[in-house]
Amino acid sequence: MSDNTTPLSESLHIVIAGNTNAGKSSLFNALFRNNVAVVSSAPGTTTDPVTRKIELSNLGPCSITDTAGLDDTTELGAQRIKKSHSRITTADLVLFATPANISLTEDEKTLLSELTKSKIPLIAIFTFDDKKDSEIFKQKENFFKNAGCKTAVFSSSKNTAEHVSKIYKLIEESDSKIARELTPVEGIVRPGSTVILVTPIDSAAPKGRLILPQIETLRDLLDHDCKAFVVKENGLESALKILKNPPDLVITDSQAFAQVAKILPPEQPLTSFSILFARKKGDFEYFMKSLSVLENFPDGGKVLIMEACAHHQKDDDIGTVKIPNIFKKKICAGGKSVTFEWSREIPENIKDCTLVIHCGACMITQKTMLERTSLLKSEGIPVINYGLFLAWANGLLPRAIEPVTKV
Ligand code: SF4
């Protein structure tokens with residue numbers, strides 16, 4: 001059954017990888033039983049990764065991605081290989097397509113060693129089972145089995161349905177090997193906790209709906225058997241009066257921190273959606289260490305503001321207007337200068353940056369965010385997110401991180 005409601009960032013990512021002409025697209029089409037990816041014997045037919053969603057009974061919402069071959073020697077091959085690699089290294093599970101009639105190649109050995117090193121679980125799928133060479137097949141099967149991999153066979157012309165059902169069975173059996181992302185309030189609340197969510201509906205709010213971190217947090221609170229109250233910032237005071245006891249936690253949009261903190265007594269546990277997502281998606285420990293750069297920001301430093309998706313920007317957009325303005329007010333008041341740059345990817349000139357302030361990353365997976373952070377960390381560049389910056393700017397650290405760190 002296909003699942004069209006769960007965002008890709010909250011799905012398990014299954015990626016089909018292998019060399020060109022390894023039968024990846026035929027496998028992808030068979031898994032969805034129709035022709036989504038173009039299948040041809042010409043090398044390099046799959047140019048950009050193609051992704052489709054699926055709901056699997058054990059695993060829940062998943063996406064399956066068909067990638068370009070890792071030995072693509074065509075003109076644009078290097079770019080395609082880079083894209084494929086980025087999908088593979090952030091995958092939760094890899095279906096390693098390898099022809100049952102061609103001996104193992106160096107590219108395949110390299111891929112297996114990379115996947116093993118990154119602890120990404122994989123299933124070896126021996127494609128072209130109908131054309132298999134028994135000797136080659138036996139060698140390959142031993143090679144993958146010795147590496148601790150589950151294996152299956154696949155042919156697009158014979159016994160396909162039977163092969164597909166065995167492959168899905170192996171995918172579902174991989175559940176225990178797949179590392180799961182934390183849910184927004186996992187370990188933070190108890191069944192029966194009362195939580196108030198403060199969700200301003202300002203000009204930046206999308207029409208007719210809440211934003212993803214708010215929806216996910218609300219659903220997660222219900223999954224944890226909590227009582228959740230959703231109010232706008234101007235409804236918080238009256239909500240507190242209605243409640244017999246103070247709530248166990250207030251979670252606010254980071255942009256309303258100042259207003260919310262003024263209403264709440266200082267002992268009231270408070271955090272923000274963005275801080276919950278800093279823990280859920282990012283390297284929280286590194287974010288915490290990175291905060292120290294704000295105290296001694298160098299004159300002439302450069303801040304890179306990174307967002308993980310394109311969205312319509314309003315005049316008072318948080319990334320391009322609010323954060324730079326607050327930053328200048330807090331850091332440059334004594335005459336320091338700062339420059340800002342904006343990007344959705346890590347730019348070539350990253351070494352020139354003093355600090356990265358990242359959005360909540362709700363539209364990308366934890367693995368993608370961790371990969372990003374690890375690259376920045378390896379360059380020695382501090383990284384924080386919007387929520388942590390706004391908590392700091394409002395003088396709300398460590399209060400705003402306490403509910404997340406006391407777990
Ligand atoms: S910019 Fe970041 S926080 Fe905002 S919607 Fe996109 S991914 Fe989510």
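This is a short tour of a predicted model, stop by stop.

**The whole chain**

Of the 407 residues, 51% count as buried.

Show the surface next. The accessible area is about 19600 Å², and carbon and sulfur atoms hold 51% of that. Then colour by charge. The chain carries 49 positive and 49 negative charges, and their mean positions lie 3 Å apart.

**Asn 21**

Select Asn 21. This residue sits in the loop that runs between strand E1 (12-18) and helix H1 (24-32). Most residues other than glycine have a negative phi.

**Asn 159 and helix H5**

Move on to Asn 159. Here too phi is positive, at about 55°, although the residue is not a glycine. Asn 159 lies in the loop between strand E6 (150-153) and H5. With a relative accessible area of 44%, Asn 159 is partly exposed.

Continue into helix H5, residues 160-173. H5 has 14 residues. From first C-alpha to last it reaches 20 Å, close to the 20 Å expected at 1.5 Å a residue. Which residues of H5 are buried? Select His 163, Val 164, Ile 167, Tyr 168, Leu 170, Ile 171 and Glu 172. As you look down the axis, keep the helix geometry in mind. An α-helix has 3.6 residues a turn, so residues three or four places apart point the same way.

**Cysteines**

Select Cys 226. Its relative accessibility is 7%, so Cys 226 counts as buried. Cys 359 is buried as well, at 14%. How many disulfides are there? With a cut-off of 2.5 Å between cysteine sulfur atoms, the count comes to 0.

**Helix H9**

Go to helix H9, residues 273-281. This helix is mostly covered, with 9 of its 9 residues buried. Show the side chains of Phe 273, Ser 274, Ile 275, Leu 276, Phe 277 and Ala 278, which are among the buried residues.

**Val 293**

Select Val 293, in the loop between helix H10 (284-290) and strand E11 (301-306). Why does Val 293 count as buried? Its relative accessibility is 14%, and buried means under 20%. Now display its contacts. Leaving aside neighbours within four places in sequence, Val 293 touches Thr 354, Leu 355 and Pro 382. For a sense of scale, draw a C-alpha to C-alpha distance from Val 293 to Glu 114. The two are 34 Å apart in space and 179 residues apart in sequence.

**Leu 397 and Pro 398**

Finish at Pro 398. Look for it in the loop between helix H13 (386-393) and helix H14 (402-405). What kind of peptide bond joins Leu 397 and Pro 398? The bond is cis, with omega about 5°. Most peptide bonds are trans.

Technical notes
Residues numbered from 1 in each chain as written. Predicted model: local features only at pLDDT ≥ 70, side-chain atom pairs only at ≥ 80, totals over all residues. Heavy atoms only, no water. Helix = DSSP H or I, 4+ residues; strand = E, 2+ residues; numbered from the N terminus. Expected span 1.5 Å × (residues − 1). Buried < 20%, exposed > 50% of the residue type's maximum accessible area, 1.4 Å probe, protein only. Areas by Shrake-Rupley, 256 points an atom, 1.4 Å probe, with all protein chains shown as cover. Lys, Arg positive; Asp, Glu negative; His and termini not counted. Charge placed at Lys NZ, Arg CZ, Asp CG, Glu CD. Contact = heavy atoms within 4.5 Å.
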